[in-house]
Amino acid sequence: GKKVGFRKITHNNAQSMDAEHAYVDNSMLLDGKLYFVSAEDNRLNVQIRDFNSGKLLHEYSAGRDDSITFKNTPIIQEGSFYHPGARELGKTRQLLRKMVSGNAVLLATREDSGRVSLTIGAWQMMQRSGGFGAGPMMPGAPVFMSPGVYFRSSNVRSSRFKMQLDSATLQYVPGDISADIGDRIEQYTDKISIPPQGENLFTNDGKYIYAFYNRDEHKIMLTSF
């Protein structure tokens, strides 16, 4: 019985989406502000708008041959078949290539300092063909099988960097960035075997609740951060 409304917020690249033009975007709402990222072959763009009015509050942009002057961390890629483990991408165009060939990532979180942390990047599901064998196939998504068992699985390749903003002015704040909830979960689960798609994250009373399946102990676990 409730009434709902509809309105359209047009971002700078919305008109350039067509079959001939490589383009991806993503957005996230946090504290009444709409954080938005878009990527094309030649440009990375970040916008913050007032959600209620649609007014543009701040914008950051970098061309494919430019340095990203508003990042606080290197661009890190994980999950590549040819480069196991994490490696640094030194060029903006490398990140743009990953974004337009996959999916854009944007995660906005509050830091304990009161600043806003943005994780910006790309992710892509890497399919692996089925086969027979045993042991882990790729870093980050081990699949342990008995000999003679047929398996089919996939892995996620991700590339991202982090930037921090003053929550009041939305100005870029250079320097070291504190660990966010993703970093804390990664550190917490470093020695824990968790199957693909065997985890989730939600909030309750202002706290993050992390739920996961511990494959070693055969238990569903919940912990708060």
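Two strands count as paired here if DSSP finds at least two bridges between them. Strands (E, at least two residues) and helices (H or I, at least four) are DSSP runs, numbered from the N terminus. With that in hand, look at Thr 203: its bridge partner in S11 is Tyr 208. This is a predicted model, where local features need pLDDT of at least 70 and side-chain atom pairs count only at pLDDT 80 or more, while totals for chains, interfaces and linings use all residues. Residues are numbered from 1 along each chain as its sequence is written, and side-chain values use heavy atoms, with hydrogens and water left out.

**The three-stranded sheet**

- S10, S11 and S12 make an open sheet in that order, with antiparallel pairing.
- The edges belong to strand S10 (199-204) and strand S12 (219-224); each has a single partner strand, so one side of each is left without a neighbour in the sheet.
- From one strand to the next, the twist averages 20° (axes are lines fitted to C-alpha atoms, for helices over the stretch in contact, and angles run from 0 to 180 degrees between N-to-C directions).
- Helix H2 packs on this sheet and touches S10, S11 and S12, its direction making about 35° with that of S11; contact here means heavy atoms within 4.5 Å.

**Strand pairs and hairpins**

- S10 and S11 run antiparallel and are joined by six bridges.
- The S10-S11 hairpin has two residues between its strands, and Asp 205 takes a positive phi near 55° there.
- S11 and S12 also run antiparallel, again joined by six bridges.
- Along that pairing, Ala 211 sits opposite Leu 222 in S12, and Tyr 213 has Ile 220 as its bridge partner in S12.
- In the hairpin of S11 and S12, with four residues between the strands, it's His 218 that takes a positive phi near 55°.

**An aromatic link**

- The structure holds six aromatic pairs (rings of Phe, Tyr and Trp, the last by its six-membered ring, with centres within 6.5 Å; planes under 30 degrees apart are stacked, over 60 edge-to-face, and the rest tilted).
- One of them is the edge-to-face pair of Tyr 188 and Phe 225, at 5.6 Å centre to centre and 85° between the planes.
- Tyr 188 lies in helix H2 and Phe 225 in the segment after S12, so the pair ties together parts that are 37 residues apart in sequence.

**The second largest pocket**

- Its volume is about 390 Å³. A pocket is an open set of points on a 1 Å grid over the protein atoms alone, with protein on both sides within 12 Å along at least five of seven lines; a cavity is a set where a 1.4 Å probe fits but cannot get out, and lining residues have an atom within 4 Å of a point.
- Of the 17 residues lining this pocket, Thr 109, Arg 110, Ile 181, Thr 203 and Tyr 208 lie nearest its centre.
- Two or more lining residues come from each of strand S1 (23-30), strand S7 (103-110), helix H2 (181-188) and strand S11 (207-214).
- S7 gives the largest share of the lining, four residues.

**The cavity**

- A search of the whole structure turns up one cavity of 30 Å³ or more, and the largest cavity has a volume of about 30 Å³ (the space filled by probe spheres set on grid points, which are joined across faces, edges and corners).
- The largest cavity is lined by Lys 98, Ala 122, Trp 123, Gln 124, Arg 157, Ser 158 and Ser 159.
- Strand S8 (116-132) and strand S9 (150-165) are the elements giving two or more residues to that lining.
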